[in-house]
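This briefing goes through selected local features of the structure shown below.

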Amino acid sequence: MSELSVNHLLGIKYLNKKDIQLIFETADHFKEVINRPIKKVPSLRDITIANLFFENSTRTKLSFELAEKRLSADVINFSSAQSSVKKGETLIDTVNNILSMKVDMVVMRHPNPGAGVFLSKHVNASIVNAGDGAHEHPTQALLDSYSIREKLGGVGGKKVLIVGDILHSRVALSNIFALQLQGAEVMLCGPKTLIPKYVDKIGVKVETNLVKALNWCDVANMLRVQNERMDISYFPSTREYTQQYGVNRELLDSLDKEITIMHPGPINRGVEITSDVADSKQSIILDQVQNGVAVRMAVIYLLASKIKQ
Amino acid sequence: MNILIKSATIIDPKSEFHNSTKDVLIKNGVITEIADGIKNTLNFKEIKLDNLHISQGWFDSSVSFGEPGYEDRETILNGLKTAAYSGFTAVALNANSDPIIDSNADITFVNSKSNNNAVSLLPIGALTVDSKGEYLAELYDMRTAGAVAFYDYKKPISNPNLMKIALQYASNFNGLVCSFPQENKIVGNGVMNENITSTRLGLKGIPALAEELQISRDLFLLEYTGGKLHIPTISTAKSVALIKAAKQKKLDITCSVALHNIFYTDEVLTEFDTSYKVLPPLRTKTDVEALIDGLKDGTIDMVTTDHNPINIEGKKIEFDHADYGTIGLESAFGILQNIFTTKKTIDILTKGKVRFGTEQTPINIGNKANITLFNPDTKYVFSKKHIISKSKNAIFENETLKGHVYGIISNNKTVLNS
């Protein structure tokens with residue numbers, strides 16, 4: 001049986017193309033499971049998973065918890081909007097305390113880039129990165145690619161546009177790595193102040209004009225402006241941002257082709273995307289949410305099977 | 001202290017015995033004879049070591065020893081011991097302490113900790129009170145107690161008028177002002193060099209621009225005020241060019257580069273290893289090449305280890321929260337020799353001291369013995385067992401070093417590695 005090349009999911013950049021294929025094929029199976037009347041399999045009855053969220057999260061936390069429960073894993077949750085450092089305890093100590101209660105896997109969201117990588121070097125458990133600062137959010141990128149694959153039949157050769165606050169976005173970075181690994185072309189669009197200066201060296205196109213960018217793409221992934229991560233105002237007002245980088249019906253209708261609209265959530269309706277776009281047939285936003293559970297089940301299942309070995 | 005050094009190859013262009021292998025007789029701390037086959041008639045202590053080379057004593061313009069306040073990181077006494085075993089006969093100590101060294105009494109305290117030591121401790125006083133960048137510290141009063149320069153360690157003076165006044169005021173008594181090259185407003189929350197690696201890691205970048213803007217400002221100020229300015233630890237190619245141009249204008253400017261900034265690039269950070277978290281940050285290959293060229297052509301005056309002991313608690317945490325800094329004295333010689341010839345390495349290790357108020361002491365008859373003893377050829381892998389510092393935060397751990405330090409003869413004392 002195939003297995004992942006890694007023991008942790010710390011970021012897309014640590015995966016290879018075969019890993020992604022394996023995750024998607026496994027997710028196909030679990031997507032079928034969660035649409036059954038009995039949405040549960042007994043696969044991970046002997047596995048205990050700790051969800052450690054050092055940063056606020058609603059959908060990712062729910063999605064992971066649901067994925068774990070549908071695999072019959074035992075689940076414990078720990079949430080703290082503060083990082084452990086601020087409380088005086090180191091991250092390693094916090095996690096080791098939890099692991100000493102015989103936990104096999106840690107799903108962690110953390111405000112600092114590299115927190116998952118750091119933890120994987122110092123504690124004895126399988127780590128799943130559920131978002132670390134502006135570094136990576138690998139399961140989001142996997143579910144995004146999975147959703148593109150479902151909607152368009154594949155990811156290779158597709159033109160995917162990511163719009164908005166790239167500078168503070170772990171979703172953007174993981175998506176870039178995932179899409180490139182699968183042979184898609186990636187373009188970033190947003191105000192220059194929200195695009196990392198050297199991002200073109202990663203091999204992506206950069207466009208500051210949204211109309212040109214939308215005309216180029218097959219899929220547009222609209223990101224939220226992450227005000228909570230900003231140390232200074234990167235644009236004068238939300239109103240002005242929306243004028244330049246908000247997607248609305250009129251704009252979509254002016255394009256030559258029908259593109260697919262995605263959003264990792266939570267949506268700021270009327271800012272980066274209008275309601276008539278978010279709720280339209282072109283939008284696959286709710287499919288992304290459903291696929292998130294299947295993809296996370298696949299990731300956890302595949303990592304757990306390596307623990308069992 | 002009476003010593004007879006047997007068969008030592010002298011590496012000292014200022015000595016008439018440069019490049020020759022001689023015996024050196026030292027009587028009461030003064031070199032009394034340099035010749036072939038000196039007979040040990042007075043039964044002096046003899047030093048006879050494998051492939052022994054000697055040079056003038058080495059100098060580091062930027063070290064931190066924790067004390068007072070951070071004795072858990074390092075003490076002055078152990079710091080000096082580290083310096084001695086690493087071949088340094090003089091080190092300039094930063095006001096990187098708690099309380100900050102910003103008064104005559106503070107300088108006197110530091111000096112009292114280093115009396116009668118083989119290594120000369122040259123205290124640097126803070127430029128502003130408590131290094132807060134608000135009011136000038138009592139520079140002249142510190143100078144009278146022995147302060148060799150004035151520097152708010154790693155804290156840029158954000159107010160240009162204050163820097164202008166500092167340069168003007170210190171020039172009254174030929175004082176050396178140091179300015180950390182960083183514009184903090186540009187740095188923001190940056191923690192590593194801004195480039196493709198920071199982008200891939202999602203870590204906030206520190207643009208080279210932050211350094212270059214500050215250096216440009218300071219050079220304009222220096223041109224206006226006159227006075228003596230030293231810019232510690234430059235890290236970018238453009239900084240080298242800026243200082244080169246300033247030297248062509250005959251401004252009284254010197255600068256240093258940290259050894260790790262000419263050895264590593266930011267690419268080593270891909271695994272978020274906090275050992276590599278230093279300030280200024282590790283930059284690009286282009287920067288490293290320009291810095292090395294700057295050393296070769298004399299634009300950069302000296303290399304510093306920027307030795308800064310940090311507790312494990314300050315390093316074994318998330319990258320954003322980790323402290324900046326590395327120790328470096330122990331590995332300095334062996335790393336430099338990986339980049340430069342032995343002759344150039346010795347040149348780099350000896351020429352900065354004049355700027356910090358210490359005379360050159362060539363290995364000539366009649367001069368005080370201020371000597372570093374070493375074997376330039378042995379190679380070894382640098383590991384924790386080679387670290388003398390209390391804190392073990394060594395950026396060069398696991399690197400192969402070229403050259404081994406035997407010890408020093410300085411201040412009428414001998415310190416030799418066993």
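The model is a predicted one.

*Positive phi*

- Most residues other than glycine have a negative phi, and most peptide bonds are trans.
- Asn51(B) is not a glycine, yet its phi is positive, at about 50 degrees.
- The loop that holds Asn51(B) runs between strand S4 (45–47) and strand S5 (53–56) of chain B.
- Asn411(B), which is not a glycine either, also has a positive phi of about 50 degrees.
- Asn411(B) sits in the loop between strand S17 (400–410) and strand S18 (413–416) of chain B.
- With 38% relative accessibility, Asn411(B) counts as partly exposed.
- Asn28(B) takes a positive phi near 50 degrees in the hairpin of S2(B) and S3(B), where two residues stand between the strands.

*Cis peptide bonds*

- In chain A, the peptide bond from Gly265(A) to Pro266(A) is cis, and its omega is near -5 degrees.
- Pro266(A) belongs to the loop between strand S9 (260–262) and helix H11 (275–278) of chain A.
- In chain B, a cis peptide bond leads from Asp98(B) to Pro99(B), with omega near 5 degrees.
- Pro99(B) is in the loop between strand S7 (88–93) and helix H2 (104–114) of chain B.

**Sheets of chain A**

*Four-stranded sheet*

- Four strands of chain A form an open sheet in the order S2-S1-S3-S4, with parallel pairing.
- Its edge strands are S2 (74–79) and S4 (126–132) of chain A, each of which pairs on one side only.
- On average, neighbouring strands of this sheet are turned by 15 degrees against each other, with direction ignored.
- Strand S1 (residues 48–53) of chain A runs parallel to S2(A) and is joined to it by six bridges.
- Within this pair, Ile49(A) has Val75(A) in S2(A) as its bridge partner.
- Helix H4 (residues 91–99) of chain A packs on the sheet and touches S1, S2 and strand S3 (105–110) of chain A.
- The direction of H4(A) makes about 150 degrees with that of S3(A).

*Five-stranded sheet*

- A sheet of five strands in chain A is also open, with the order S7-S6-S5-S8-S9 and parallel pairing.
- Strand S7 (205–207) and S9 of chain A each have a single partner strand, so one side of each is left without a neighbour in the sheet.
- Neighbouring strands here are turned by 25 degrees against each other on average, with direction ignored.
- Five bridges link strand S5 (residues 159–163) to strand S6 (residues 185–189) of chain A, and the two run parallel.
- Lys159(A) stands opposite Glu185(A) in S6(A).

- Strand S2 (residues 21–27) of chain B has five of its seven residues buried, so it is largely enclosed by the rest of the structure.
- Strand S1 (residues 3–10) of chain B runs antiparallel to S2(B), with five bridges between them.
- Thr21(B) in S2(B) is the bridge partner of Thr9(B).
- S2(B) is also joined by five bridges to strand S3 (residues 30–35) of chain B, again antiparallel.
- Leu25(B) stands opposite Glu33(B) in S3(B).

*Helix H10*

- Helix H10 (residues 332–339) of chain B is mostly covered, with six of its eight residues buried.
- The buried residues of H10(B) are Ala332(B), Phe333(B), Gly334(B), Ile335(B), Leu336(B) and Gln337(B).
- These buried residues pack against strand S6 (58–63), S7, strand S15 (302–304), helix H11 (342–350), strand S16 (371–381) and S17 of chain B.

**Surface patch of chain B**

- Tyr140(B), Ile165(B) and Tyr169(B) make a nonpolar surface patch of about 280 Å².
- Ile165(B) lies in helix H4 (residues 160–171) of chain B.
- Ile165(B) counts as partly exposed because its relative accessibility is 35%.

Key
Residues numbered from 1 in each chain as written. Chains lettered and ligands numbered in written order. Predicted model: local features only at pLDDT ≥ 70, side-chain atom pairs only at ≥ 80, totals over all residues. Heavy atoms only, no water. Pairing = 2+ DSSP bridges. Axes fitted to C-alpha atoms, helices over the stretch in contact; angles between N-to-C directions. Contact = heavy atoms within 4.5 Å. Patch = residues over 30% accessible without salt bridge, like charges linked within 9 Å, V, L, I, M, F, W, Y side chains within 5 Å. Areas by Shrake-Rupley, 256 points an atom, 1.4 Å probe, with all protein chains shown as cover. Salt bridge = Lys/Arg side-chain N within 4 Å of Asp/Glu carboxyl O. Buried < 20%, exposed > 50% of the residue type's maximum accessible area, 1.4 Å probe, protein only.
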